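Trainee: Could you take me through one part of this structure slowly? I'd like to look closely at the place where the chains meet and then at what lies behind it.

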Amino acid sequence: MSKEYKKPIPSPQGESDFYWEKAKQEELWLRECPVNGPYFYPRDISPGALRKDTKWIKATGKATLFTYSIVHRAPHPGFIDDVPFVTAIVELEEGPLMPTNIIMNDPTPEKLKIGMPLIVEFEHINDKIALPKFKPV
Amino acid sequence: MSDLSRSVAIVGVAESDEVGKIENKSNLQFHAEAAYNAIEDAGMKASDIDGLITAGTSTLNTAEFLGLHPKYTDTTAVGGSSFEIHIAHAMAAINAGYCETVLVTHGEAGRSARNRPGGNMSDPGSQYELPYGFIGQPVSYSMACRRYMHLYGEERTRQALAEIAVSTRKWALKNPKAYMKDPMTFDDYHESRWISWPFHLFDCCIVTDGGGAYIVTKKEIANSLPKKPVWVLGVSEGHDHNIISQMPDLTRTWARNTGPEALKMAGLTHDDIDLAMIYDSFTYTVLATLESLGFCKPGEGPDFVANQRTAPGGDFPMNTNGGGLSYCHTGMYGMFLVLEAVRQLRGETGERQLDNPKTCLVNGTGGSLSSTGTVVLAID
């Protein structure tokens, strides 16, 4: 699979190694700020409150569909075989919004309802990285 | 800020020698042609320029290329709105005494030297959005638009997008420099192919090559030049996110702050504005921006633009150059908003000329609906 994979591959950084390590184990983890609660994307110092005493929490993997697009023109050569596919922003049960894909064959607006319940599913793109994606419950 | 109102003017504007599909020119050549033409339009000399601003490249590059030795420079680059924000920065620099006359240039072979994201995959957008295909602005903006549809109704949103696409094309047909030359009907809009649902092809700006430049100078110099100065009455800038999934409200841009603030500095209200130049990377950009600026309330945009109100002959003329949708969009289109605003106020726009406009509100939007620069201009 990894030899064929032609899409952009994220480069974990010191602040996100844990996030990607856990994703490889098919777990979704978030950072939590003592003032403003869970946030995405992970960084050690929390946005807005600028607190350093943040911690990692394990997310349930449950979410609802906040918004989406059905992409018909591949925005990168790696996605040519995927169109049409769904890019989405989902609202995690813990509160933060998260960018992702909705796993769905032949997507149409009729099949995609704002607020519909979703559950995380991990796509292992190589031996280091698994992308958290979401599918309808 | 109010005491800076009318302290500086835009005195020269120009495009590069050509805009459109131009395959043999570099970014810097577009900068240089536009700079040459803007200096000529102002009736000035290169030696009059002592401040230099650009975005997308460093002023180290543009100054050397042009042989200028500026004593004040600024390379603020926050996307297509940068060139509205540069007006504010030029105003601040001139009033602080750092320089007297600022040249602002733009050049981008957006069509013929198109780049794709790659390289650094470590920043937040590259780690958390690009791997999912959030690449290029149609994807990001269409997700924001889908949220708007959810809140305010799919059918009325769709009609508003169509109204904006069709009215903007009507203006383009009156601009000889416009890339799109054919009329567009509502059916043409609705039948155009899907790029990124809910966006049709005709919801998206064109991608062209070109450059532009303008010159800002202090009042005393402006009054000594051959053309009537276009005064800067109000400015405001800011941003509240970078990548689309971090946008606090997908239906409200930072223009919610800059619109009221720029108008307040100008001492004007929305009703005083004769022409609106609103960054139209996408039809939805216009819808969200008009509401955010305060021309109408959230969700009322579809009523505001209904019945071709923004088209030639309508009572709210907007994007009279044909916009990024139909005239020219190099990548950072905000430069071209300024050029049209100045030309309309001077009465230089030929077939599309409005009847003696005195005021124009220019609003640039950059990134993923991320940054905003609002400028209010007027002519005596």
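Mentor: Strand β4 (residues 62-71) of chain A is joined by 2 bridges to β5(B), and the two run antiparallel. Here, two strands pair if DSSP finds at least two bridges between them. In β5(B), B:S196 is the bridge partner of A:V71. As for the names, helices (H or I, at least four residues) and strands (E, at least two) are DSSP runs, numbered from the N terminus.

A quick word on where this comes from: it is a predicted model, in which local features need pLDDT of at least 70 and side-chain atom pairs count only at pLDDT 80 or more, while totals for chains, interfaces and linings use all residues. Residues are numbered from 1 along each chain as its sequence is written, and chains are lettered from A and ligands numbered from 1 in the order in which they are written.

Now the whole contact. It takes 27 residues from chain B and 29 residues from chain A, where two residues are in contact if their C-beta atoms, placed from the backbone, lie within 7 Å. On the chain B side, α4 (124-128), α5 and β5 (194-197) each give two or more residues. α5(B) gives the most, with 6 residues. By class, that side of chain B has 14 nonpolar, 9 polar and 4 charged residues (Ala, Val, Leu, Ile, Met, Phe, Trp, Tyr, Cys and Pro count as nonpolar, Asp, Glu, Lys and Arg as charged, and the others, Gly among them, as polar).

The axes of α5 (residues 137-152) and α6 (residues 154-172) of chain B come within 7 Å and cross at roughly 130 degrees. Axes are lines fitted to C-alpha atoms, for helices over the stretch in contact, and angles run from 0 to 180 degrees between N-to-C directions. α5(B) and α6(B) are therefore oblique to each other (under 35 degrees is roughly parallel, over 145 roughly antiparallel, 65 to 115 roughly perpendicular, and the rest oblique). B:Y148, B:M149 and B:Y152 of α5(B) meet B:E154, B:R156 and B:T157 of α6(B). Those residues divide into 3 nonpolar, 1 polar and 2 charged.

Finally, the sheet of chain B. Its 9 strands form an open sheet with mixed pairing, in the order β3-β2-β4-β7-β1-β8-β11-β10-β9. β3 (72-74) and β9 (275-278) of chain B stand at the edges with a single partner strand each, so one side of each is left without a neighbour in the sheet.
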